[in-house]
Amino acid sequence: MNLHEYQAKDLLKKYNVPVQEGIAVDNVAAAVAAYEQIKEQTNNKFAVVKAQIHAGGRGKGKIEGTEQRGVAVAKSAESIAEIANNLLGGTLVTIQTGPAGKLVNKILVAQDVYYEGANPVKEFYLSILLDRSSGQNVVMYSTEGGMDIEEVAHNTPEKIFKEYVHPSGGLQGFQARKIAFNLGLSGEAFKNCVKFVTNLYSAYVGLDAGMIEINPLFKTSDEKIIAVDCKMNIDDNALMRHKAVAELRDISEEDPTEVEAGEFNLNFVKLDGNVGCMVNGAGLAMATMDMIKLSGGEPANFLDVGGTANAQTVEAGFRIIMKDPNVKAILINIFGGIVRCDRVAAGVIEAYNKLGDIQIPIIVRLQGTNAVEAKKLIDESGLKVQSAILLSEAADLVKKAVA
């Protein structure tokens with residue numbers, strides 16, 4: 001589950017991680033009030049306004065049809081009102097959203113930390129995530145933070161450092177100090193960075209996060225280390241342990257079909273192909289997608305109905321797949337282990353009858369427990385459903401459907 005910047009920062013503060021303070025608002029009047037409050041607290045007329053969407057690249061992105069950036073600096077109540085008016089209700093297009101962009105429903109009015117004092121300010125990059133190849137969490141960091149971190153990673157990979165954390169011991173003190181040292185910090189900034197990294201790792205573990213990215217990690221002119229931005233996602237499988245965090249979910253930022261699939265306990269991911277697929281088991285789903293590509297098609301989705309497929313889940317799967325206008329055929333590939341094939345076949349027939357006349361080809365491949373009985377049910381149903389027992393047979397039918 002992805003979180004907005006303001007939500008992630010609120011969670012980090014509970015773990016004593018210093019952040020750029022701000023106030024999230026959803027209308028222009030509230031934005032002006034937030035600006036006045038921040039101005040009074042900081043005695044600084046400058047404030048930063050940030051669009052809150054689940055995507056990066058906001059600083060370079062623009063509101064569709066305008067020159068308004070997703071992150072902007074304001075120096076008066078009037079400019080705050082103008083920026084907020086441009087952002088709220090607009091569609092922000094960034095390198096990560098694609099051309100469709102994302103609707104901006106909230107903005108964050110935050111303190112300006114980019115002022116020079118006795119010491120120069122500096123931007124860094126730092127993230128924590130799981131490295132599946134090593135089975136360890138890894139802290140990735142760089143002295144070159146900011147909007148161009150992707151170019152840094154591509155052009156100068158030697159500037160990206162990695163610190164692996166053994167799962168049995170957690171982040172060690174010497175590792176936190178090594179990170180601060182490699183960032184070129186010293187004195188008070190060095191000490192503050194060690195505390196920051198240690199507390200951030202505690203937040204990562206304590207929240208069951210899948211990823212926390214701080215970009216930029218910022219050294220202020222008075223030697224403080226703070227998170228100016230934060231991207232965070234939480235492991236969906238751990239949300240049962242974090243009910244308060246689960247309530248932060250913003251379904252308006254998610255694909256509507258994926259939200260609908262979740263209501264039926266279906267594991268669904270939308271893709272860009274022309275063959276919809278419905279499968280029981282993630283491994284079989286991946287193999288089915290490979291088979292679709294080898295047959296000349298492109299998978300339109302990943303849809304795992306699990307081991308308890310029935311008429312209701314099959315019908316829900318049909319409805320979700322058919323909402324995609326690019327789908328030219330549907331392949332149902334079920335291996336009957338826990339679930340009996342004849343029950344799935346009955347579910348397919350019932351769902352087909354409920355949905356009415358379906359114009360696109362439907363191919364059903366059932367193998368395993370009661371597969372022969374299942375094929376007989378489908379063949380004798382009188383419906384425009386093509387059945388197969390072998391995967392090669394299903395592949396041939398898919399090839400004909402998309403030819």
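Let's start with Lys 219, which sits in strand S12 (residues 209–219); strands here are DSSP runs of E with at least two residues, helices are H or I runs of at least four, and both are numbered from the N terminus. This is a predicted model, where local features need pLDDT of at least 70, side-chain atom pairs count only at pLDDT 80 or more, and totals for chains, interfaces and linings use all residues. Residues are numbered from 1 along each chain as its sequence is written, and side-chain values use heavy atoms, with hydrogens and water left out.

- Lys 219 has a relative accessibility of 9%, so it counts as buried (buried means under 20% relative accessible area, exposed over 50%, partly exposed in between, with a 1.4 Å probe and protein chains only).
- Val 139 belongs to strand S10 (residues 136–142), and its relative accessible area of 1% makes Val 139 buried.
- Setting aside neighbours within four places in sequence, Val 139 touches Leu 126, Ser 127, Ile 128, Phe 161, Lys 162, Glu 163, Val 165 and Ile 179 (contact means heavy atoms within 4.5 Å).
- Val 139 and Pro 120 are 19 residues apart along the chain, and their C-alpha atoms are separated by 25 Å.

**Where H5 meets H6**

- The axes of helix H5 (residues 173–182) and helix H6 (residues 187–206) come within 9 Å and cross at roughly 130°; axes are lines fitted to C-alpha atoms, for helices over the stretch in contact, and angles run from 0 to 180 degrees between N-to-C directions.
- That angle is why H5 counts as oblique to H6: under 35 degrees is roughly parallel, over 145 roughly antiparallel, 65 to 115 roughly perpendicular, and the rest oblique.
- H5 brings Ala 176, Arg 177, Ile 179, Ala 180 and Phe 181 to the contact, while H6 brings Phe 190, Cys 193, Val 194, Val 197 and Thr 198.
- By type, the residues in this contact of H5 with H6 split into 8 nonpolar, 1 polar and 1 charged (Ala, Val, Leu, Ile, Met, Phe, Trp, Tyr, Cys and Pro count as nonpolar, Asp, Glu, Lys and Arg as charged, and the others, Gly among them, as polar).

**Salt bridges**

- A search of the whole structure turns up 22 salt bridges, each being a side-chain nitrogen of Lys or Arg within 4 Å of a carboxyl oxygen of Asp or Glu.
- Glu 5 pairs with Arg 58, with the closest N and O atoms 3.0 Å apart.
- Glu 5 is in helix H1 (residues 5–13) and Arg 58 in the loop between strand S3 (47–51) and strand S4 (62–63), so this pair ties together parts 53 residues apart in sequence.
- Both Glu 5 and Arg 58 are buried.
- Lys 224 and Asp 222 form a salt bridge at 3.0 Å, N to O; Lys 224 is partly exposed at 44% relative accessibility, and Asp 222 is partly exposed at 39%.
- Lys 375 bridges to Asp 379, the closest N and O atoms being 2.8 Å apart.
- Lys 375 and Asp 379 both lie in helix H12 (residues 371–379), 4 residues apart, or about one turn of the helix.
- Lys 375 is partly exposed at 28%, and so is Asp 379 at 45%.
- Shared partners link Glu 5, Lys 9, Lys 50, Arg 58, Glu 213, Asp 229 and Lys 231 into one salt-bridge network.
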